[in-house]
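Subject: Model for you to look at

Hello,

Here is the structure I promised. Please open it first, then read my notes below.

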Amino acid sequence: MSFQIIRADITQVQVDGIINAANSSLMGGGGVDGAIHRAAGPGLLEECKSLRGCPTGQAKATGAYKLPAKYIIHTVGPRWRDGKHDEEILLRSCYKESLKLAKELGLESIAFPLISSGIYGYPKQKAMEVATSEIRKFLELEDMMVYLVIFDRQSFEISEKVYKNVKKYIDEHYVTEHLKKDTRRSFKKEKSRADKDLFKKTTFQSFDDSYMVSESLNQARPAAAGQPKAERKLDDLLAGIEESFSTMLLRLIDEKGKTDADVYKKANVDRRLFSKIRNDRDYKPSKKTVLSFAIGLELNLDETRDLLMKAGFALSHSSKEDIVVEFCIKEGIYDIFEVNEILFKFDLKLLGV
């Protein structure tokens, strides 16, 4: 299945299993632990008493009681001291053991908090790196929908350098796009009626730029040397028009020397959705799905634009999501989870399904 970062109250997420960042006594506490116990009701505490606690890095399951889930998986994260007391090993174990237990229980969807990143003081960026790393390793082999629930967007951190670079890129290109729109409006208002009659033009939108094509281009031209070469180009163009999104996607997978599984997992796209696309030549994907595959296939900008065009879309500088994806492609950031972390930080829609 896939992995998504969401902003929500973990006690209200509709999943099979909720992961509780518990303390070793399992008797409830502050933060996520306290919120889960309050929402689940007194029955949870009574069951937890019978478990006789839980060691750091391990996980134990209980019923979910009043929560909208089947189970609660309690795991005890490490307290951050200085990074030299096995904190990372123990935190990784929390994710591994929780995912292992979820699989044993037959769960199809689970929701994690960012373990140890609250009152236990684990640096948030480091905690995020551990979480995404372990979840991804698990999903390479298993099918499960995994959510990483962030309660407060302000508590989510990415590299300061990346944040500044992306913000600068958004500011430059988002403003530029609106200036271009204003210029187009002014230009249209100032055009004289005589000019319009003299120069009839066809305006079309392609990849977020407007191109003016004179009707004179449609006039017959004398044949020139190398004409057969031009005809071959036309044949290629016509063949390209007939190629559907599904056909192009499968062709690109072959050309890049990848397997289907490599691509849909790297694109964070559900296997069942990929099967629909593969089996339906005329499948119409969402723009988000197309961009996810562009990242999964590690396409350059031109290839991304071509794939988008097959689905009837274009990169737009009036969309901040598109600008962030464009930035990532230009910078060679093809880890979709890293792309999603950036999108999440800027309060934008994530890729993958």
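Is Glu-298 buried, partly exposed or exposed? Glu-298 is partly exposed, because its relative accessible area is 38%. The classes are buried under 20% relative accessible area, exposed over 50%, and partly exposed in between, with a 1.4 Å probe and protein chains only. Glu-298 sits in the loop that runs between helix H11 (287–296) and helix H12 (301–310). Helices here are DSSP runs of H or I with at least four residues, strands are runs of E with at least two, and both are numbered from the N terminus.

Before the rest, the ground rules. This is a predicted model, in which local features need pLDDT of at least 70 and side-chain atom pairs count only at pLDDT 80 or more, while totals for chains, interfaces and linings use all residues. Residues are numbered from 1 along each chain as its sequence is written, and side-chain values use heavy atoms, with hydrogens and water left out.

**Confidence and overall make-up**

The protein chain averages a pLDDT of 84, and 79% of the residues score at least 70. pLDDT is the predictor's confidence in each residue, from 0 to 100. Over residues 190–232 pLDDT stays under 50. For that stretch the model has 32 contacts beyond four places in sequence. Contact means heavy atoms within 4.5 Å.

The chain has 14 helices and 8 strands. Of its 353 residues, 42% count as buried. Take the contacts between residues at least 6 apart in sequence: 69% of them join residues at least 24 apart.

**Backbone**

Most residues other than glycine have a negative phi. Glu-298 has a positive phi of about 55° and is not a glycine. Asp-347 is not a glycine either, and its phi is positive at about 60°. Asp-347 lies in the segment after helix H14 (336–345). Its relative accessible area is 47%, so Asp-347 is partly exposed.

**Cores**

The largest nonpolar core has 75 residues. A nonpolar core is a set of buried Ala, Val, Leu, Ile, Met, Phe, Trp, Tyr and Cys residues joined through side-chain atoms within 4.5 Å. Tyr-95, Ile-110, Phe-112, Val-146 and Phe-293 touch the most other members. Helix H4 (residues 124–141) gives the largest share of this core, 7 residues. A second, separate core has 19 residues, among them Cys-54, Ala-64, Leu-67 and Val-76.

Phe-112 is worth a click. Leaving out residues up to four places away in sequence, Phe-112 touches several residues, including Ile-10, Ile-19, Tyr-95, Ile-135 and Val-146.

**Largest pocket**

The largest pocket has a volume of about 620 Å³. A pocket is an open set of points on a 1 Å grid over the protein atoms alone, where a 1.4 Å probe fits, with protein on both sides within 12 Å along at least five of seven lines; lining residues have an atom within 4 Å of a point. Grid points are joined across faces, edges and corners, and the volume is the space filled by probe spheres set on the points.

The lining has 28 residues, and Gly-31, Val-32, Pro-113, Leu-114 and Gly-118 are the closest to the pocket centre. Strand S2 (17–22), helix H1 (31–40) and strand S6 (145–150) are the elements that give two or more residues to the lining. H1 provides the largest share, 4 residues. By class, the lining has 14 nonpolar, 9 polar and 5 charged residues. Ala, Val, Leu, Ile, Met, Phe, Trp, Tyr, Cys and Pro count as nonpolar, Asp, Glu, Lys and Arg as charged, and the others, Gly among them, as polar.

**Single residues to check**

- Leu-250 is in helix H8 (residues 245–255). Leu-250 is buried, because its relative accessible area is 19%. Neighbours within four places aside, Leu-250 contacts Phe-274 and Arg-278.
- Leu-90 is in helix H3. Its relative accessible area is 27%, so Leu-90 is partly exposed. Beyond four places in sequence, Leu-90 contacts Thr-56, Gly-57 and Pro-78.
- Pro-55 is in the loop between helix H2 (42–49) and strand S3 (59–63). Pro-55 and Ser-24 are 31 residues apart in sequence, with 5.9 Å between their C-alpha atoms.

Best wishes
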